Amino acid sequence: MGSIISEAALPWAALDSVAPKVCSFEDCGKDSVQLVGGKCASLGELINAGVRVPPGFALTTRGYAQFMREAGIQAEVAALLDGLDHEDMDKLEEASHAIREMIESRPLPIELEDLIAESYRKLSVRCYLPAVPVAVRSSATAEDLPGASFAGQQDTYLWIRGVDDVIHHVRRCISSLYTGRAIAYRMKMGFPHEQVAISVGIQKMANAYTAGVMFTVHPATGDRSVIVIDANFGFGESVVSGEVTPDNFVVNKITLDIIERTISTKEICHTVDLKTQKSIALPVPVERQNIQSITDDEIGELAWMAKKIEKHYGRPMDIEWAIDKNLPAGGNIFILQARPETIWSNRQKTTGAASSTSAMDYIVSSLLAGKRLS
């Protein structure tokens, strides 16, 4: 593992001359945002903190800058964005379509294609899988900024196989920096377009039997004494996009006991089509729709991992996870992303004693009831 690349050592103005164009997640950390964007920086930080994360690599913002420069379209992009109104979605979508078409029609420089191809080959060898399936994930430099929420505005593509498809979807991720929604949000927030760059992460896919999200603060109440887990069968796309009402579990943060359990009717899941090797949405068989999508033991391990991540970052976290059906229990739960929770963290915190009392009350009541604490 190489030394972690620091944003302090590589200020944005100097990236063009000294930064790598492709780097592994292990070489990134929380100070690498200007080089690899918020998502990839977080993945590197998690790996170096000892959290189980699928491996991968990133096309850096230096690689992005080279692509845009050699494509020769920066002036055209600026002209299309000039004078737009962030509330005129028709004009925004028209500009977005033109910009994205320009970006996706330009080839990557041969140097970048070679670097991506070699990194993808090494990842396939490392994972013992020819043409390893990967998620191709946008990672913008403006993600997770205080007072703004740029995360989720760019695209992610699941179960991509083969270097040609990877390179094609890298271009699509770059072009998603100019979705109508992203353009409008930057304008509304007064954030200059030219100050936002994008990196693209290429990460081994977990062949998820179950996936979802979890929060180390209750997203509805702000209670920091619990961990809340949402889960559905298949990839986590159905949970993140809101396509299904997921199973919901509330776990006591100290004892890791499940204190609330809601099993929902889950009608849709995303999984791989083995014939086409593409991610598709499928109906959940009727007999499985009302079955709990994750075991109690897995809930306990997820909650333990969430506590470890929260302790490392020192603040409430919003975490994406998956359970790989091809690996044995004990090593099959992966963290796909972790970002600081923003809604409750940005509000004035209630007294710490309130949360402590809530957790302690639960322990005392369990003891009085004769419940064994593990």
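Guide: Two strands count as paired if DSSP finds at least two bridges between them. In this predicted model, strand β10 (residues 268–273) and strand β11 (residues 278–283) are joined by 6 bridges and run antiparallel, so they meet the requirement of at least two bridges and count as a pair.

Visitor: Which residue in β11 is the bridge partner of V272, and which residue in the hairpin of β10 and β11 takes a positive phi?

Guide: V272 has S279 as its bridge partner in β11. The hairpin has 4 residues between its strands, and Q277 takes a positive phi near 55° there.

Visitor: How many helices and strands does the chain have, and what share of its residues count as buried?

Guide: There are 11 helices and 13 strands in the chain, and 51% of its 374 residues count as buried. Among the contacts between residues at least 6 apart in sequence, 69% join residues that are at least 24 apart.

Visitor: Why are α5 and α8 called oblique to each other?

Guide: The axes of helix α5 (residues 89–105) and helix α8 (residues 180–188) come within 8 Å and cross at roughly 120°. The perpendicular range runs from 65 to 115 degrees and the antiparallel class begins over 145, with the rest counted as oblique; α5 and α8 are therefore oblique to each other. The crossing in which α5 passes α8 is right-handed. In this contact M89, L92, E93 and S96 of α5 meet G180, R181, I183, A184 and M187 of α8, and by class these residues divide into 5 nonpolar, 2 polar and 2 charged.

Visitor: What makes α5 roughly antiparallel to α7?

Guide: The axes of α5 and α7 come within 9 Å and cross at roughly 150°. Angles over 145 degrees count as roughly antiparallel, and that makes α5 roughly antiparallel to α7. This crossing, too, is right-handed. The residues that meet are R100, I103 and E104 in α5 and R171, R172, I174 and S175 in α7, a contact that divides into 2 nonpolar, 1 polar and 4 charged residues.

Visitor: Why are α2 and α10 described as roughly perpendicular to each other?

Guide: The axes of α2 and helix α10 (residues 296–313) come within 11 Å and cross at roughly 105°. Since the range from 65 to 115 degrees counts as roughly perpendicular, α2 and α10 are therefore roughly perpendicular to each other. In α2, S42, E45 and L46 meet I309, H312 and Y313 of α10, which gives this contact 3 nonpolar, 2 polar and 1 charged residues.

Visitor: Which strands are the edge strands of the open sheet formed by 5 strands?

Guide: The order of that sheet is β1-β2-β5-β3-β4, with antiparallel pairing. Its edge strands are β1 (22–24) and β4 (156–160), each of which pairs on one side only. On average, neighbouring strands of this sheet are turned by 20° against each other, direction ignored. Helix α2 (residues 33–48) packs on the sheet, touching β1, β2 (56–59), β3 and β5 (198–204), and its direction makes about 125° with that of β3. Helix α7 (residues 163–175) packs on the sheet as well, touching β2, β3, β4 and β5, and its direction makes about 140° with that of β5.

Visitor: What makes β3 and β4 count as a pair?

Guide: Strand β3 (residues 134–140) is joined to β4 by 3 bridges, and the two run antiparallel; at least two bridges are required, so β3 and β4 count as a pair. V134 stands opposite I160 in β4.

Visitor: Why do β9 and β13 stand at the edges of their sheet?

Guide: This open sheet has 6 strands in the order β9-β8-β7-β6-β12-β13, and its pairing is antiparallel. β9 (258–262) and β13 (333–340) each have a single partner strand, so one side of each is left without a neighbour in the sheet. Packed on this sheet is α10, which touches β6, β7, β8 (247–252), β9, β12 (317–324) and β13, with its direction at about 40° to that of β13.

Visitor: How do you know that I227 counts as buried?

Guide: I227, which lies in strand β7 (residues 226–233), has 0% relative accessibility. Buried means under 20%, and I227 therefore counts as buried. Leaving aside neighbours within four places in sequence, I227 is in contact with residues including F215, F249, V251 and A306.

Key. Residues numbered from 1 in each chain as written. Predicted model: local features only at pLDDT ≥ 70, side-chain atom pairs only at ≥ 80, totals over all residues. Heavy atoms only, no water. Axes fitted to C-alpha atoms, helices over the stretch in contact; angles between N-to-C directions. Parallel < 35°, antiparallel > 145°, perpendicular 65-115°, else oblique. Left-handed = near helix turned anticlockwise from the far one by under 90°. Contact = heavy atoms within 4.5 Å. Nonpolar A, V, L, I, M, F, W, Y, C, P; charged D, E, K, R; others polar. Buried < 20%, exposed > 50% of the residue type's maximum accessible area, 1.4 Å probe, protein only.
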